[in-house]
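Subject: Structure handover

Hello,

Here is the structure I promised to pass on. Please open it next to this email and follow along.

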Amino acid sequence: MTTSPRTSSARLTARKPRDDEIDSYGLTHPGTVRENNQDHFLIASLHKRMEVHLTSLPDRAQLGGAERLALLAMVADGVGGGPRGEEASRLAAEAITHYVTQSLRCYFAADPVDDDSFPRALEEAALQCHMDIQRQSQDDPERAGMATTLTLWLGVWPRAYLLQVGDSRCYILRGGELTQISRDQTMAQDLLDQGVITRTDLLNTRWASVLASAIGGPAAAPVVTRLNQVWNDVGLLCSDGLTKHVPDDRIRERLASMTSARQVCEALLQDALDAGGSDNITVLVGRSVRKD
């Protein structure tokens with residue numbers, strides 16, 4: 001597990017954003033080359049609800065309600081080969097849906113303030129999903145090769161947890177500076193880290209699209225990164241259909257000048273399509289905008 005740079009305690013103890021202060025949007029597109037879209041995404045909120053049935057108190061609205069406990073966002077880039085590729089992608093999506101259910105259970109079962117148990121629970125849920133998909137592939141040879149990336153953000157203010165498997169990415173724009181929080185789990189990135197290739201070679205090598213880790217693949221190595229959430233941060237989750245065509249400088253420029261989450265998602269999608277759109281493209285953006 002890795003941890004983001006520390007943020008001042010004053011900024012961490014700032015109040016949690018209200019629902020109307022969260023601007024988020026997501027979209028997915030098959031691109032200009034592929035007929036099928038194997039990307040999937042999710043944006044959801046976790047709520048703890050109290051329903052008052054009877055009371056003598058005059059204002060029951062003050063007693064509680066559907067308080068938001070956490071926000072969840074996910075991008076999954078499905079991989080399926082052979083004549084049943086479309087079915088394999090669907091089954092991978094079903095498994096990821098099961099994974100999300102496991103993530104919610106992890107949230108309620110684990111203590112979010114425990115810096116060790118909560119990330120460990122997320123890792124274990126990802127590995128369970130990985131084994132489930134592998135079993136489905138082994139039971140039916142026509143489903144062999146079914147796998148998916150997974151980049152999942154779970155925000156429990158003022159903390160956040162990023163679960164990473166594969167090469168879909170997470171970026172944060174803070175104070176005008178764009179930072180890639182996730183690390184691509186590809187053979188090319190491994191070779192770069194080992195000094196075998198240079199950063200210039202990274203996108204041109206045949207290993208650039210070979211996953212070293214994937215849910216359902218030969219190996220899965222989930223990584224959980226703990227972060228601190230700060231007002232006005234802009235978060236981006238995306239599949240590699242965006243990043244293989246749109247450079248980081250352009251992404252930073254788009255996020256820095258955004259007028260809304262929907263506007264910037266649509267602009268980044270168009271950038272990827274204009275640059276070729278050779279893969280499925282999924283973009284999710286979220287930010288907190290203080291109104292008082």
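First, a definition for the pockets. On a 1 Å grid over the protein atoms alone, a pocket is an open set of points where a 1.4 Å probe fits, with protein on both sides within 12 Å along at least five of seven lines; a cavity is a set from which the probe cannot get out. Lining residues have an atom within 4 Å of a point. Grid points are joined across faces, edges and corners, and a volume is the space filled by probe spheres set on the points.

Now the ground rules. This is a predicted model, in which local features need pLDDT of at least 70, side-chain atom pairs count only at pLDDT 80 or more, and totals for chains, interfaces and linings use all residues. Residues are numbered from 1 along each chain as its sequence is written, and side-chain values use heavy atoms, with hydrogens and water left out.

**Overview**

The protein has seven helices and 12 strands. Both are DSSP runs numbered from the N terminus: helices are H or I with at least four residues, strands are E with at least two. Of the 292 residues, 47% count as buried. Buried means under 20% relative accessible area, exposed means over 50%, and partly exposed lies in between (1.4 Å probe, protein chains only). Take the contacts between residues at least 6 apart in sequence: 71% of them join residues at least 24 apart. Contact means heavy atoms within 4.5 Å.

**Pockets**

The largest pocket holds about 810 Å³ of space. Its lining has 42 residues, and Trp153, Ile172, Gln229, Gly235 and Gly286 lie nearest its centre. Strand β4 (residues 66-79) gives the most to this lining, six residues. By class, the lining of the largest pocket has 24 nonpolar, 11 polar and seven charged residues. Here Ala, Val, Leu, Ile, Met, Phe, Trp, Tyr, Cys and Pro count as nonpolar, Asp, Glu, Lys and Arg as charged, and the others, Gly among them, as polar.

The second largest pocket holds about 570 Å³. It is lined by 21 residues, and Arg169, Asp184, Leu202, Leu203 and Thr243 are the closest to its centre. Two or more lining residues come from each of α4 (187-193) and α5. This lining divides into six nonpolar, seven polar and eight charged residues.

**Strand β8**

Strand β8 (residues 169-174) is mostly covered, with five of its six residues buried. It runs antiparallel to β11, and five bridges join the two. Strands pair if DSSP finds at least two bridges between them. Cys170 stands opposite Leu237 in β11.

β8 also runs antiparallel to strand β9 (residues 177-180), through four bridges. Arg174 has Glu177 in β9 as its bridge partner. The hairpin of β8 and β9 has two residues between the strands, and Gly175 there takes a positive phi near 60°.

Helix α7 (residues 261-274) has 14 residues. It reaches 20 Å from first C-alpha to last, close to the 20 Å expected at 1.5 Å a residue. The expected span is 1.5 Å times one less than the number of residues.

The buried residues of α7 are Ala261, Val264, Cys265, Ala267, Leu268, Leu269, Asp271, Ala272 and Leu273. What covers them includes β2 (22-29), β11 (234-238), α5 (240-243), α6 (248-256) and β12 (281-288). Why does Asp271 count as buried? Its relative accessible area is 13%. Not counting residues up to four places away in sequence, Asp271 touches Val246, Arg250 and Arg254. After α7 comes Gly276, with a positive phi near 135°.

Ile281 lies in strand β12. It counts as buried because its relative accessibility is 0%. Beyond its neighbours within four places in sequence, its contacts include Leu27, Asp39, Leu242, Leu269 and Leu273. Ile281 and Asp39 are 242 residues apart along the chain, yet their C-alpha atoms are separated by 7.3 Å.

**Backbone points to check**

A cis peptide bond joins Trp157 and Pro158, with omega about 5°. Pro158 lies in the loop between β6 (150-156) and β7 (159-165). Asn232 is not a glycine, but its phi is positive, about 75°. Asn232 sits in the loop between β10 (223-228) and β11. It counts as exposed because its relative accessibility is 52%.

Best wishes
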